[in-house]
Amino acid sequence: MNTTDKNNARTLADYHPAFKNFSWAKAILASFRKQDKKDEESGTSGNPYKNLEKASVLQEARTFNETPINARKCIQILTKIIYMINQGEQLGQTEATEIFFAMTKLFQSKDIMLRRMIYLSIKEMSTVANDVIIVTSSLTRDMTGKEDSHRGPAMQKLYASMMQSVERYMKQTIVDKLPSVALTSSVHLMRQSPEVVKRWVNEVQEAVNNDNIMVQYHELALLYQIRRTDKHTIRKLIVIFSKTALRSPYTFVFCGLDLEFLPLHIVSVLELKTKLKDSDVGQLLHYLRIILDYSPSSRSFILGAITDFRDIRFAMVRRSTDDDDQFKYEASLKDLQNRNGYLSHHLKMFFTADRSKFGFCRLEPLPDNIRIDNRLLGIGANAMVFSCSLINGQSNEYALKISNDSVQKEVSIYQQLYADKYRIVQVHSNAFLFLHPPGRVVSKENILNNAHLIWNQIKKAHQRRILHRDIRRSNIIEIFNEKINSNEILLIDWQSSMEFGSTMKYNGTLSTASKFILEELAKNRDSSLECLPVDDCVSFMKMILLELIAEPFKVALSSEVQQGSYSGILGVYCQMKKSWKKKPPILFEVIDFLEKHRQHFNEDKLNAFLDQCLENRQSLFQLDNQQTDDNYFNQLTRQIFPS
């Protein structure tokens with residue numbers, strides 16, 4: 001973490017006049033870390049529910065019958081049940097029904113957190129248990145009660161199983177004086193029964209006349225969900241409501257959702273607090289750093305403020321001039337004497353200053369025919385991917401990637417590799433459009449079953465002298481190709497790629513990086529490296545290995561990645577290999593062979609080796625290999641390098 005000294009701090013007046021009257025101190029911000037590739041690849045380091053046994057948890061569920069109800073204990077048990085279900089544990093119909101029946105007694109408790117856990121448990125088990133009608137009366141009481149925190153969730157769970165029979169009650173609730181609970185519940189129900197919810201459009205439109213600003217907001221949100229596939233109607237609604245004096249300021253978000261709401265278009269941040277403390281400036285700096293991180297690299301700093309309208313603090317985050325991946329944090333810590341004059345003066349300057357004083361450089365907007373939907377498909381260290389559509393009368397969903405740097409190189413690579421199957425169009429210097437319905441991250445099974453297809457894409461890139469340098473599971477998606485009427489596997493995110501023979505600073509994945517890359521980074525993390533095709537192949541093999549190894553190794557690897565410990569990452573791989581009492585799996589031998597002969601592989605030998613390895617991938621991906629498997633791969637290595 002870099003901070004500025006007092007001499008540097010005085011130069012802040014060059015950015016904004018409000019800094020002239022401040023004394024500056026070093027900001028203690030050790031808790032902040034750049035959220036880059038390390039954060040993407042890291043996961044949680046501990047899991048208290050990891051070793052749950054179903055029989056033990058079901059035995060604990062008998063606690064539901066005890067009197068008085070122990071809310072805290074019951075919450076823990078329901079959490080365990082939900083966790084097991086989400087981890088793939090199967091509950092029998094009898095087991096689920098018994099838990100359902102026992103949960104009806106928990107409705108007697110007034111504990112809000114317990115009630116929420118009951119609703120979540122009902123949602124998870126309603127498709128398994130028999131006689132779900134046993135909870136209907138309890139849900140109906142919550143739905144018709146006066147407690148708003150109970151009404152909404154009860155509506156959602158009850159309507160999920162009895163939509164037709166309670167539709168009349170829902171329509172009546174929408175036109176009540178305060179229908180926000182019904183409106184927000186309907187937004188969720190659109191995912192399950194859209195055709196039923198669409199029949200309530202007249203009642204929903206009536207709610208727009210409500211005086212409550214949140215009701216107007218929720219009404220417009222639901223109306224958009226109902227009409228979202230009809231672009232002509234959406235445009236008509238925007239025109240109507242733009243001319244109508246809507247009371248809710250939140251409704252205007254739906255009338256113009258575009259790039260203005262992305263971090264790269266945020267000029268500054270003014271955070272409001274009830275009571276301002278010096279430590280609150282840390283949160284402001286965190287917000288500013290995220291905005292700067294996702295802003296174009298041409299933006300060198302961002303300035304913000306935090307106030308409780310009695311006091312005010314300014315803060316600034318700057319990119320380091322020596323390293324664009326590092327940030328410097330500065331914050332004001334001045335006590336005030338004339339509060340009223342101080343606030344009126346500096347708030348006025350804050351709101352009237354030119355945008356350039358905040359470090360803001362406006363980008364050109366996206367074309368008018370692109371509408372970004374309210375759904376984020378993915379987020380990386382330097383880019384975000386959104387669901388979007390074209391305003392051309394069609395309702396097709398596409399993927400839009402917006403980066404903090406130029407996307408010209410990535411678009412060029414996509415067109416070289418996939419132009420025969422997919423249309424990729426650059427619509428902005430920092431954004432491109434993938435004219436195909438969005439895919440999803442590939443599953444473990446499809447990685448193993450289609451490893452040869454992934455390798456073919458890597459090999460095709462290598463033939464065009466392109467190295468990917470960021471091969472990991474999250475950068476491989478499954479998409480449906482209408483031309484062949486089946487799913488395809490696609491290697492994406494070429495932002496970290498480089499050409500053969502060039503040297504660049506390494507900004508690819510760490511968890512699957514080759515030994516050479518990790519050792520070089522351990523010497524100097526900022527050094528420029530010349531990567532080779534074999535480094536991509538090592539990453540490819542390590543990605544497959546991470547799908548096969550035990551969970552504790554994944555946790556240990558994530559921890560080392562998060563800390564940026566290159567030697568620690570290498571150490572985890574050594575521990576993996578040593579964990580086998582007998583000979584380690586062949587996959588380890590293949591990785592070691594690639595890294596040992598890194599400098600000696602030419603294109604033909606490397607392709608031949610990987611091709612033949614994947615021809616026998618059923619043996620390659622086994623953790624317990626037979627002697628015949630060992631013989632096959634030993635013979636293969638001798639064929640590649642006889643000496």
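Reader: Which residues does Ser406 touch, not counting residues up to four places away in sequence?
Author: In this predicted model, Ser406 touches Ser429 and Asn430. Contact means heavy atoms within 4.5 Å. The C-alpha atoms of Ser406 and Ser429 are separated by 5.5 Å, with the two residues 23 apart along the chain.

Reader: Why is Ser406 called partly exposed?
Author: Its relative accessibility is 42%. Buried means under 20%, and exposed means over 50%. The value for Ser406 falls in between, so Ser406 counts as partly exposed.

Reader: What makes the approach of Ser406 to Gln408 a polar contact?
Author: The side chain of Ser406 reaches the backbone nitrogen of Gln408 at 3.3 Å. The cut-off is 3.5 Å for a pair of N or O atoms. The distance is within that cut-off, so the pair counts.

Reader: Where does Ser406 lie?
Author: Ser406 sits in the loop between β9 (398–403) and α17 (408–418).

Reader: Why are α19 and α25 called roughly antiparallel?
Author: Helix α19 (residues 451–463) and helix α25 (residues 603–615) pack at an angle of about 170°. Angles over 145 degrees count as roughly antiparallel. The pair is therefore roughly antiparallel. Their axes are 10 Å apart.

Reader: Which residues make that contact?
Author: From α19 come Ala451, His452, Trp455, Lys459 and Gln463. From α25 come Glu603, Asn607, Leu610, Asp611 and Leu614. They divide into 4 nonpolar, 3 polar and 3 charged.

Reader: How many of the protein's residues count as buried?
Author: Of 643 residues, 49% count as buried.

Note on methods
Residues numbered from 1 in each chain as written. Predicted model: local features only at pLDDT ≥ 70, side-chain atom pairs only at ≥ 80, totals over all residues. Heavy atoms only, no water. Helix = DSSP H or I, 4+ residues; strand = E, 2+ residues; numbered from the N terminus. Buried < 20%, exposed > 50% of the residue type's maximum accessible area, 1.4 Å probe, protein only. Polar contact = N/O pair within 3.5 Å; in protein donor to acceptor, adjacent residues only side chain to side chain. Axes fitted to C-alpha atoms, helices over the stretch in contact; angles between N-to-C directions. Parallel < 35°, antiparallel > 145°, perpendicular 65-115°, else oblique. Nonpolar A, V, L, I, M, F, W, Y, C, P; charged D, E, K, R; others polar.
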